[in-house]
Protein chains: 2
Amino acid sequence: MKGNTVFFSSAPAVVSSAAVGGKMEGDGPMSACFDKINEDPFFSCETFEQGESQLLKQAISHALEKGSLRCENIDVMFGGDLLNQCTGTTYGIRTLGIPFLGIYGACSTVTEGLLLSSLLVDGGYASRALAVTSSHFCAAERQYRFPLNYGGQRPPTAQYTATAAGALVVSAERLPPYVRAATVGRIVDMGVTDAANMGAAMAPAAYSSIRQFLADTELTPEFFDAIVTGDLGKVGSRLLCELFARDGTDITSLHRDCGTMLYDFEHQDVHAGASGAGCAASMLCGYFIPRLRSGEYRNILFAATGALLSPTVNAQGESIPAISHAVWLSYENGAAPDIRFAGRTVS
Amino acid sequence: MKGNTVFFSSAPAVVSSAAVGGKMEGDGPMSACFDKINEDPFFSCETFEQGESQLLKQAISHALEKGSLRCENIDVMFGGDLLNQCTGTTYGIRTLGIPFLGIYGACSTVTEGLLLSSLLVDGGYASRALAVTSSHFCAAERQYRFPLNYGGQRPPTAQYTATAAGALVVSAERLPPYVRAATVGRIVDMGVTDAANMGAAMAPAAYSSIRQFLADTELTPEFFDAIVTGDLGKVGSRLLCELFARDGTDITSLHRDCGTMLYDFEHQDVHAGASGAGCAASMLCGYFIPRLRSGEYRNILFAATGALLSPTVNAQGESIPAISHAVWLSYENGAAPDIRFAGRTVS
């Protein structure tokens with residue numbers, strides 16, 4: 001590591017990825033990014049929680065199929081979700097027989113999984129690693145807030161939890177995009193206590209990790225075609241740009257946020273935008289990775305963001321800690337001559 | 001990986017570890033293993049959940065202090081716990097500023113953290129990695145079962161969640177014990193639906209991973225001074241030995257279970273034994289690692305076990321998936337001549 005950033009010497013590749021969504025996601029502007037859209041929020045199951053497990057399993061199936069892979073080709077899987085005890089994941093994968101390491105990073109989970117998968121492949125410990133995460137609006141609403149039937153009103157700063165999942169496979173093959181470096185985030189808690197304003201709670205964590213990444217790699221924001229955040233929504237995105245503006249850095253033209261991409265603000269009632277672990281995961285797997293594979297994007301910095309609260313501690317008056325891990329994905333797999341870093345450096 | 005097992009070529013060392021407990025743990029036969037005992041279940045905080053965060057933070061502080069380390073000496077920390085959204089961990093560490101990757105493996109968390117820490121050190125990605133986990137009886141009871149005031153009765157198969165935390169630091173120094181290999185577990189669900197009998201749900205997962213480890217390493221059970229499980233308790237321990245007996249393997253004299261070690265069955269009302277992520281973590285950090293450092297033990301196989309359920313899905317009638325990751329800890333750091341494996345092999 002140099003600073004908080006790991007440089008991957010072998011440039012592990014994301015060789016396959018898939019995104020699966022629900023009805024709202026299929027009705028939105030990103031519908032073409034999904035490999036499958038499910039109209040039924042129960043996914044032909046009896047409960048929303050079982051539905052989320054199906055959703056997550058579908059994403060894995062599509063990612064494997066697109067890579068012409070089977071479960072036994074995967075050495076290790078990283079996964080987690082927003083449900084208590086990550087049961088969306090554990091019940092979704094329990095019949096697959098893939099060696100499993102559970103992770104929890106709230107809505108930052110997809111970058112944590114990508115980072116760890118890349119580490120295991122780069123280090124030669126695994127031939128192929130899979131990362132997966134999901135979220136489900138109906139399951140999340142009743143767990144974090146109220147049962148849907150209650151019809152609770154939400155303030156304009158609130159975001160809408162995506163019913164979506166993303167899965168990706170990392171291996172040492174030569175196929176763009178490549179994972180070049182990743183910054184492990186630190187927890188940042190600026191004292192925001194409003195659980196209906198996650199964007200404000202998470203923006204400082206995204207700022208911290210992106211800034212750390214740029215310092216550790218000595219790259220400038222302009223090197224990237226896009227600096228992407230997970231689900232800051234409208235409020236958090238504005239705050240992120242403001243934090244960079246204070247440093248004299250204008251990232252407004254480079255910044256994209258999955259939370260503002262997934263839905264149509266005019267025709268879909270999503271307040272400040274999308275959220276949920278499946279938001280960043282589906283946009284990474286269904287939008288950005290295909291565009292990096294085709295060469296439409298050459299380099300992106302992808303920083304999913306997670307709010308590490310629970311309803312219990314929030315009800316006890318606690319503020320909301322947040323975290324963001326930033327991953328550099330590139331169409332190129334070698335160090336370009338104009339990029340100044342000396343490969344992997346152990347601190 | 002060979003099979004599901006990672007072989008560490010540099011034999012990363014556990015250079016420091018610490019265990020912290022509550023009153024019950026201090027009253028038990030393992031009291032001498034704890035660096036600190038807290039009589040107050042609130043840990044001078046207002047809620048049990050805040051108390052758990054203090055408990056976990058104390059374990060980190062002691063582990064750092066015993067290794068003459070400060071937070072800035074740790075490149076990356078892995079942690080998680082049983083509270084919803086792992087808030088015991090995230091609120092406990094939010095002021096420390098250490099790059100953090102959240103993990104969730106229920107009561108198997110300590111071996112997942114040790115495995116991942118060893119990977120990052122072995123691969124040269126981190127100079128020092130820290131793993132931590134905790135559990136708190138009062139916080140776990142009201143989250144998973146009933147508020148304490150309710151006075152719910154528990155069946156004889158039930159276990160008592162330890163109020164305990166363990167933290168350990170892995171680095172590339174030459175100091176026993178060394179982490180030689182680790183098997184990443186698969187989820188095993190044999191259909192047990194009784195959440196008051198976690199031992200029965202978890203025993204097949206421990207069996208699966210230990211057997212896989214032995215197959216991948218071509219080591220025999222007798223090679224080890226002890227084969228240790230996390231918190232199977234009396235019921236699960238008996239089942240584990242029965243499963244091995246079916247293969248014609250008698251592990252009864254080698255098997256130790258942290259869940260049957262932590263409390264005094266005669267004088268403490270703990271039914272089938274101890275459980276909770278802090279049970280295996282405190283026994284690993286406070287009992288086994290010091291004995292491996294002194295050479296009292298030469299080799300142990302440590303397989304913590306986790307039940308990956310939530311009260312929600314269990315109430316929906318689901319059975320309980322379980323997982324176990326097995327780690328080989330050794331006083332020696334080189335491959336003994338009689339051990340037949342060819343170092344790290346990419347499958």
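## Close-up views of a two-chain model

**View 1. A181(B) stands opposite W328(B), a residue of strand 14 of chain B.** This is a predicted model, in which local features need pLDDT of at least 70 and side-chain atom pairs count only at pLDDT 80 or more, while totals for chains, interfaces and linings use all residues. To find your way around, count residues from 1 along each chain as its sequence is written, with chains lettered from A and ligands numbered from 1 in the order in which they are written. Strands (E, at least two residues) and helices (H or I, at least four residues) are DSSP runs, numbered from the N terminus. Strand 9 (residues 178-183) and strand 14 of chain B run antiparallel and are joined by 5 bridges; two strands pair if DSSP finds at least two bridges between them. Strand 14 of chain B also pairs with strand 13 (residues 299-307) of chain B, again in the antiparallel sense, over 9 bridges. Here F302(B) has V327(B) of strand 14 as its bridge partner.

**View 2. How many of the 9 residues of strand 14 of chain B are buried?** For strand 14 (residues 322-330) of chain B the count is 9 of 9, so this strand is largely enclosed by the rest of the structure. A residue is buried if 20 or more other C-beta atoms lie within 10 Å of its own, exposed if 12 or fewer, and partly exposed in between, with C-beta atoms placed from the backbone. In a regular strand, side chains alternate between the two faces of the sheet. Follow that pattern here: A322(B), S324(B), A326(B), W328(B) and S330(B) point one way, I323(B), H325(B), V327(B) and L329(B) point the other way, and all are buried.

**View 3. Strand 6 of chain B pairs with strand 4 and with strand 8.** With strand 8 (residues 164-171) of chain B, the pairing is antiparallel and has 8 bridges, and R128(B) stands opposite S171(B) of strand 8. All 8 of the 8 residues of strand 6 (residues 128-135) of chain B are buried, so this strand, too, is largely enclosed by the rest of the structure. R128(B), L130(B), V132(B) and S134(B) point one way and A129(B), A131(B), T133(B) and S135(B) the other.

View 4. L96(B), in the loop between helix 3 and strand 5 of chain B, is partly exposed, with 19 other C-beta atoms within 10 Å. The C-alpha atoms of L96(B) and F78(B) are 13 Å apart, and the two residues are 18 apart along the chain.

**View 5. Chain B meets chain A through 52 residues from each chain.** Residues are in contact if their C-beta atoms, placed from the backbone, lie within 7 Å. Strand 4 (76-81), helix 3 (87-93), strand 5 (100-102), helix 4 (109-122) and helix 10 (311-315) of chain B each supply at least two residues of the side that touches chain A. Helix 3 of chain B gives the largest share, 4 residues. By type, this side of chain B has 26 nonpolar, 18 polar and 8 charged residues. Ala, Val, Leu, Ile, Met, Phe, Trp, Tyr, Cys and Pro count as nonpolar, Asp, Glu, Lys and Arg as charged, and the others, Gly among them, as polar.

**View 6. A rotation of 180 degrees, with 0.0 Å of shift along its axis, superposes chain B on chain A (RMSD 0.0 Å).** The two copies are thus related as by a two-fold rotation axis. The same surface serves both copies, as 100% of the contact residues of chain B recur in chain A. The superposition is by least squares on the C-alpha atoms of residues with pLDDT of at least 70 in both copies. Among the residues of chain B, I103(B) comes closest to the axis, at 2.0 Å (C-alpha).

**View 7. Residues 336-347 of chain A keep a pLDDT under 50.** pLDDT is the predictor's confidence in each residue, from 0 to 100. Where it is low, the predicted coordinates should not be read in detail. Chain A as a whole averages a pLDDT of 95, and 96% of its residues score at least 70.

Notes: Two residues are in contact if their C-beta atoms, placed from the backbone, lie within 7 Å.
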